[in-house]
There are 2 protein chains.
Amino acid sequence: MKFILKTLFLSWMFINAGVLLQAAEIDTKRGVADPDGNTMWYDCQLLGVEGKGWTDTESYYDRLPVKAKSNVPSSVWNLGHDSAGLCVYFATDSSSMKVRWTLRKNSLSMPHMPATGVSGIDLYGRNEAGKWRFLGNGRPAGGTNCASFSPAVGKDNILYLPLYNGVKSIEIGIPKGKILSTPGQAYGKQRKPIVFYGTSITQGGCVSRPGLAATSIVGRELDIPVINLGFSGSGKMEPEMANLLAELDPSIFVLDCLWNMNSGLVTERVDPFVRKLRTMHPSTPILLVEDSSFRNITPTDKGHLLRIVHDKLTKDGIKGLFFLSNEEMLGDDFEGTVDGCHPNDLGMMRQASVFIKALAPLLSQSK
Amino acid sequence: MKFILKTLFLSWMFINAGVLLQAAEIDTKRGVADPDGNTMWYDCQLLGVEGKGWTDTESYYDRLPVKAKSNVPSSVWNLGHDSAGLCVYFATDSSSMKVRWTLRKNSLSMPHMPATGVSGIDLYGRNEAGKWRFLGNGRPAGGTNCASFSPAVGKDNILYLPLYNGVKSIEIGIPKGKILSTPGQAYGKQRKPIVFYGTSITQGGCVSRPGLAATSIVGRELDIPVINLGFSGSGKMEPEMANLLAELDPSIFVLDCLWNMNSGLVTERVDPFVRKLRTMHPSTPILLVEDSSFRNITPTDKGHLLRIVHDKLTKDGIKGLFFLSNEEMLGDDFEGTVDGCHPNDLGMMRQASVFIKALAPLLSQSK
């Protein structure tokens, strides 16, 4: 009977998602019983994490491979411990769950970004129409935190990890007898990810929840995996970063580093960076992004230089290179940032809309 | 020569604002010289603060009169020390300025609201077209903070005070020889204020900057003074609060307390609260507001009850009573809050738009 129910649940779950999927149920023997006698805890590593470019990481929830430690600037390496953009896909037949997460850093917030965004977690689930909807978030209060949620039963759920902190561990707790599954080959999961390389803004500064980072919104709207390689203050397009990115095989490379670069670096580094990627990936679309301007100035000084680089590369025969203007990126009311630079939730939603409009047609060109 | 320049400056400043105004220049003798030898500090009390309903306050930057201390619940009294909605209007011929502010509470942020919103300050200035534009904000880092700004030269500026902290003092520092003025009878300043009475959401939870609270946005868009009587968790429409509000003489009363009330309180307290205001103010528009729903549910349970109260009062002959549905208040994408309740910057902008649409026509009915 239990097996039949499970099978029925899984079939319903995946038919409901609109695609015939192969789910992978987590063996209940791999759960750890809570002293409360009712809850089984499952390490999220059992489900796997989405948004990692490399598997050979020092810590499971790192964003950079261990070899980067000796190659990239220390600031980049350290920021690679932040779990920006990492998320866990799961399904369950339980209408209640808990999440317990242990943070790497003691500093839970920034002056212009709340703890919920810096160190919190966010749960989204698909609704009846298959659309992703915010369900709830977990507020951090210390090193180890626990939050309760009502997940979307029998549907895909996404749990977003902290944007400006890292996690040592993260576990999902569900009532004994309930099932936890990876959605498996859910729609979109067979597609190559979009890789975003950029700045603090790319990393998600300064939204109120992880699910509101532009990369998270893009991932949900286009239903595609996203790798967030935003490094606060340190997205400077070093040749070492070009070598690392060239190892990935995404559907699109998005290069959005201008806020962290001066004019000299734009002129010096973008050209060889693009050529390196193009050498390794002859046809993958590459999108060069102008720096946003809360005052609605287009082009910016560095955007002007980036246009020149784009035009030169195109003239030299580089195919599949695109340019994204900052127009409409933060709106025209000057209200899209917390500080004149970092988008607030209003600005990030606007920025995400501009990205989605630019990226959707490029996906069809990606092989 | 100096006098002529000053006169020219003031004339230009007020002609520029589109209305012939009477400015009040702050006597430079009232400034305090900074040890740096270049800066003169002016206490903002010299300029006056907008957004106070009462002048007889225990502390200058309190929102409630001293008599409220023994009348209202202690939680309301304590929250009255928070400077939500208070702002300072000024003009200057200086292109640079500093603001130094000393906070009441040590706790600078909340888990779901950054320090910039809780304890920070925000500067807006009019642009060439007379529109208010965000210019910059001050990040708090401790008890006393200092931030540098580039104000709108020769135009109206607004300095917003912290939303969830109070200030013991706030001063503007400008270079010696420069002028600081009250804009005087600036457009809108002759109009009666709109009074908002409500909850944590009214108080500004959980925006990233004070200028993004819905009441602040409404004030700028409608160019009218606003009194923010939002009391986090404690906007419960006690009879004592009706007595206090009845002392004010606003253009509109906005009653937006449902998130802090249960069904019983809605049925019990709204009716006598409205009747009290109407007794003292026979024709002032009163707007009853439904509680927002991030899931886009209309009516909410309590909204349904509030509609019943509204209909009963109207049937009983109460004129000038209006009802604001929560439709579109947080959008339809479930993304307008930080936690399912408190608007983030995205949701607050949407909420403000709904308020502005509802309030603009009522202003013309106000005497």
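The radius of gyration is taken here over C-alpha atoms, and the globule rule is 2.2 Å times the number of residues to the power 0.38. With 367 residues, chain A would have a radius of gyration near 21 Å as a compact globule; the value for chain A is 21 Å, which agrees. The structure is a predicted model, in which local features need pLDDT of at least 70, side-chain atom pairs count only at pLDDT 80 or more, and totals for chains, interfaces and linings use all residues. Residues are numbered from 1 along each chain as its sequence is written, chains are lettered from A in the order in which they are written, and side-chain values use heavy atoms, with hydrogens and water left out.

The C-alpha trace of chain A spans about 65 × 45 × 40 Å along its principal axes. Chain A holds 9 helices and 16 strands. These are DSSP runs numbered from the N terminus: helices are H or I with at least four residues, strands are E with at least two. Of the 367 residues, 62% count as buried, meaning under 20% relative accessible area with a 1.4 Å probe, protein chains only. Contacts (heavy atoms within 4.5 Å) were also sorted by sequence separation. Of those in chain A with a separation of 6 or more, 77% join residues 24 or more positions apart.

A:Val309 gives a local example. This residue lies in helix 8 (residues 301–315) of chain A. A:Val309 counts as buried because its relative accessibility is 8%. Leaving aside residues up to four places away in sequence, A:Val309 touches A:Val266, A:Val270 and A:Asp271. A:Val274 is 35 residues from A:Val309 in sequence, and the two C-alpha atoms are 9.9 Å apart.

Chain A also meets chain B. Each chain gives 30 residues to the contact. The two chains bury about 2500 Å² between them, 53% of it on carbon and sulfur atoms. Buried area is the accessible area (1.4 Å probe) lost by two parts on being put together, summed over both.

Between chain A and chain B there are 6 salt bridges, each a side-chain nitrogen of Lys or Arg within 4 Å of a carboxyl oxygen of Asp or Glu. A:Arg139 forms a salt bridge with B:Asp339, with the closest N and O atoms 3.0 Å apart. On the side of chain A that touches chain B, helix 3 (115–118), strand 7 (132–138) and helix 9 (345–365) each supply at least two residues. That side divides into 13 nonpolar, 8 polar and 9 charged residues. Asp, Glu, Lys and Arg count as charged; Ala, Val, Leu, Ile, Met, Phe, Trp, Tyr, Cys and Pro as nonpolar; the others, Gly among them, as polar.

Conventions. Buried means under 20% relative accessible area, exposed over 50%, partly exposed in between (1.4 Å probe, protein chains only).
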